[in-house]
Amino acid sequence: DGTWTGVTGRARVIAYDSSQLTADQVPGSVLELADPVWRGEVAIAPTNGSFQAFVTAMRVALGDDATREWLQGLIDNDVQLYEKNGLIRDAVDAGEVQLGLINHYYWYEKAAEVGEDAMNVQVAFAEPGDPGALVNVSGACIIAGSDNPAGADELLTWMLSDTAQQWFVDTTFEYPLISGVDGPTGVPPLADVQGPDIPLAELEDLPGTLQMLQDVGLT
């Protein structure tokens, strides 16, 4: 509706230690991470914006009660807390935990740096419709009080150009959000990553999510 635009897409994934688990053993739903079988083996980053957006999406998709119950289940299951996605990726790779919730591009950045064969950590996409398969976006808008709306419009137009979108693909391994530019090599096509069926504009209640995380003791 002209209020904001997505620039790149980032999918939530479950990182897992392939030296301890096969792909078939990775839970298909993030809801399973509260199962006692994974006690002490799951890592999250509750103060990170991507995790908070994911929890907000879970609230929209499943409701506050179910989301709060899941968060409490993680706590009761001795969930391991980290500050950032990259730290979770590295913790899984080092065998500190078996599973972790991150954005997909953190794994692909590391794989490009050191080589996939040099990594124990791998990633799995949650089953279609699961909150853990959320595809969020980096977004941009022109604020109402801008003193240079024409320049801002030019910038956003450039960010959605073939050149800029290809740069994001090659450099950050995120999904392009325009037609005609392919996603990163090795990443499932965006059309195949089916997260919860919710409009991203409904992820606006971040204060409610922060309050919920505080109430359960995760922030």
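This is a predicted model: local features need pLDDT of at least 70, side-chain atom pairs count only at pLDDT 80 or more; totals for chains, interfaces and linings use all residues.
Trainee: Let's start with α2 and α7. How do their axes cross, and within what distance do they come?

Mentor: Helix α2 covers residues 64–76 and helix α7 covers residues 206–216. Their axes come within 10 Å and cross at roughly 40°.

Trainee: So what do we call α2 and α7, relative to each other?

Mentor: Oblique. Angles under 35 degrees would count as roughly parallel, and the crossing is at roughly 40°, so α2 and α7 are oblique to each other.

Trainee: Is the crossing of α2 and α7 right-handed or left-handed?

Mentor: Right-handed, as α2 passes α7.

Trainee: Which residues make that contact?

Mentor: On the α2 side, D64, T67, R68, L71, Q72 and I75. On the α7 side, M212, L213 and V216.

Trainee: And how do the residues of that contact divide?

Mentor: Five are nonpolar, two are polar and two are charged.

Trainee: Now α1 against α7. At what angle do those axes cross?

Mentor: Roughly 100°, and the axes come within 9 Å. The range for roughly perpendicular is 65 to 115 degrees, so α1 is roughly perpendicular to α7.

Trainee: Which residues of α1 and α7 meet?

Mentor: From α1 there are F51, Q52, V55, T56 and R59. They meet L206, G208, T209, L210, M212 and L213 in α7.

Trainee: How many of the residues in the α1 contact with α7 are nonpolar, polar and charged?

Mentor: Six nonpolar, four polar and one charged.

Trainee: Switching to salt bridges. How many does the structure hold?

Mentor: Five. R59 takes part in a network of them with D64 and D205.

Trainee: What are the N to O distances around R59?

Mentor: The R59 and D64 side chains meet at 2.9 Å, N to O. For R59 and D205, the closest N and O atoms are 2.7 Å apart.

Trainee: Where do R59 and D205 sit in the chain?

Mentor: R59 is in helix α1, residues 49–62. D205 lies in the loop between β7 and α7. The two are 146 residues apart, so the pair links distant parts of the chain.

Trainee: What about R10? Which residue does R10 bridge to?

Mentor: R10 forms a salt bridge with E174, and the closest N and O atoms are 2.7 Å apart. R10 is in strand β1, residues 5–17. E174 is in the loop between α6 (162–172) and β7 (175–176). They are 164 residues apart, and the pair links distant parts of the chain.

Trainee: Are R10 and E174 buried or exposed?

Mentor: Both R10 and E174 are buried.

Trainee: Last one, N48. Where is N48?

Mentor: N48 is in the loop between β2 (42–44) and α1. With a relative accessible area of 17%, N48 is buried.

Trainee: What does N48 touch, leaving out residues up to four places away in sequence?

Mentor: N48 touches E83, K84 and N85.

Key: Residues are numbered from 1 along each chain as its sequence is written. Side-chain values use heavy atoms; hydrogens and water are left out. Axes are lines fitted to C-alpha atoms, for helices over the stretch in contact, and angles run from 0 to 180 degrees between N-to-C directions. Helices (H or I, at least four residues) and strands (E, at least two) are DSSP runs, numbered from the N terminus. Angles under 35 degrees count as roughly parallel, over 145 as roughly antiparallel, 65 to 115 as roughly perpendicular and the rest as oblique. A crossing is left-handed if the near helix is turned anticlockwise from the far one by less than a right angle, and right-handed if clockwise. Contact means heavy atoms within 4.5 Å. Ala, Val, Leu, Ile, Met, Phe, Trp, Tyr, Cys and Pro count as nonpolar, Asp, Glu, Lys and Arg as charged, and the others, Gly among them, as polar. A salt bridge is a side-chain nitrogen of Lys or Arg within 4 Å of a carboxyl oxygen of Asp or Glu. Buried means under 20% relative accessible area, exposed over 50%, partly exposed in between (1.4 Å probe, protein chains only).
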